[in-house]
Amino acid sequence: MMYLDDLDRAILKVLKEDARLTISEVSERLGKPESTIHFRIKKLIERGIIEKYTIVLGEVARPKEVAFVVLEIEKPIIEDFLGRYLEYVSKNLANLPNVLLVAKTEDERIVALIGAETKKELNEFIEENIKSIPSVREIVVYPIEEFKKGEEIKGLLLGV
């Protein structure tokens, strides 16, 4: 992990809350000169700490129901094909509109965070798009009742 001092962290916190702020507004909030803020933001971008500015959907546009879905894939006869098939399934899942996140675990499972407006729509999406994937040995669905941290990930849903 890259070293960040207190000012870098403060800048990131302010921009995380509202990336639309101007340099002068960030400067005013943090009580630092504009030139310092401008220089620090430029360095954060150059170092790859800030990659891009994006939007987070508001509460009204976020899915109301979300679930983690864990897929275990059948091991093919030729084990070398498993990695390629996992990559293929992951990419296809990532392109589906209700999928917020896709990851591969160390033990070669795929984890996806799925969102929908209602439980019925969520279950239909899983039934039609996830359970129909060939070579899936097991699917475990973990509906999320409440987020304790990170609920804003629901605002990053790409299929708007």
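Asp 8 and Arg 40 join their side chains in a salt bridge, 2.8 Å from N to O. The model is predicted: local features need pLDDT of at least 70, side-chain atom pairs count only at pLDDT 80 or more, and totals for chains, interfaces and linings use all residues. Residues are numbered from 1 along each chain as its sequence is written, and side-chain values use heavy atoms, with hydrogens and water left out.

## Exercise 1

Solution: 
- Step 1. A salt bridge is a side-chain nitrogen of Lys or Arg within 4 Å of a carboxyl oxygen of Asp or Glu.
- Step 2. Helices (H or I, at least four residues) and strands (E, at least two) are DSSP runs, numbered from the N terminus.
- Step 3. Set the count. The structure holds 13 salt bridges.

## Exercise 2

Task: Describe how H3 packs against H1 and against H2.

Solution: 
- Step 1. Take H1 (residues 6-17). H1 and H3 pack at about 85°, with axes 11 Å apart. Axes are lines fitted to C-alpha atoms, for helices over the stretch in contact, and angles run from 0 to 180 degrees between N-to-C directions.
- Step 2. Classify. H1 and H3 are therefore roughly perpendicular (65 to 115 degrees) to each other.
- Step 3. List the contact (heavy atoms within 4.5 Å). H1 gives Leu 7, Asp 8, Ile 11, Leu 12 and Leu 15; H3 gives Thr 36, Ile 37, Arg 40, Ile 41 and Leu 44.
- Step 4. Turn to H2 (residues 23-30) and H3 (residues 34-46). Their axes come within 9 Å and cross at roughly 110°. H2 and H3 are therefore roughly perpendicular too.
- Step 5. List this contact. H2 uses Ile 23, Ser 24, Val 26, Ser 27 and Leu 30; H3 uses Glu 34, Ile 37, His 38 and Ile 41.

## Exercise 3

Task: Work out the strand order of the sheet and find its edges.

Solution: 
- Step 1. Write the order. Four strands form an open sheet, S2-S3-S1-S4, with antiparallel pairing. Two strands pair if DSSP finds at least two bridges between them.
- Step 2. Neighbouring strands are turned by 15° against each other on average, direction ignored.
- Step 3. Check the pairings. S1 (residues 65-73) and S3 (residues 109-116) are joined by eight bridges. Ala 67 has Ile 114 in S3 as its bridge partner. Five bridges join S2 to S3. Val 102 stands opposite Ala 112 in S3.
- Step 4. Inspect the S2-S3 hairpin. Four residues lie between the strands, and Glu 108 takes a positive phi near 65°.

## Exercise 4

Task: Which strands do H4 and H5 lie across or touch?

Solution: 
- Step 1. Helix H4 (residues 80-94) lies across S1, S2 and S3, running at about 170° to S2.
- Step 2. Helix H5 (residues 119-130) packs on the sheet and touches S1, S2, S3 and S4. Its direction makes about 20° with that of S1.

Definitions and conventions. Parallel < 35°, antiparallel > 145°, perpendicular 65-115°, else oblique.
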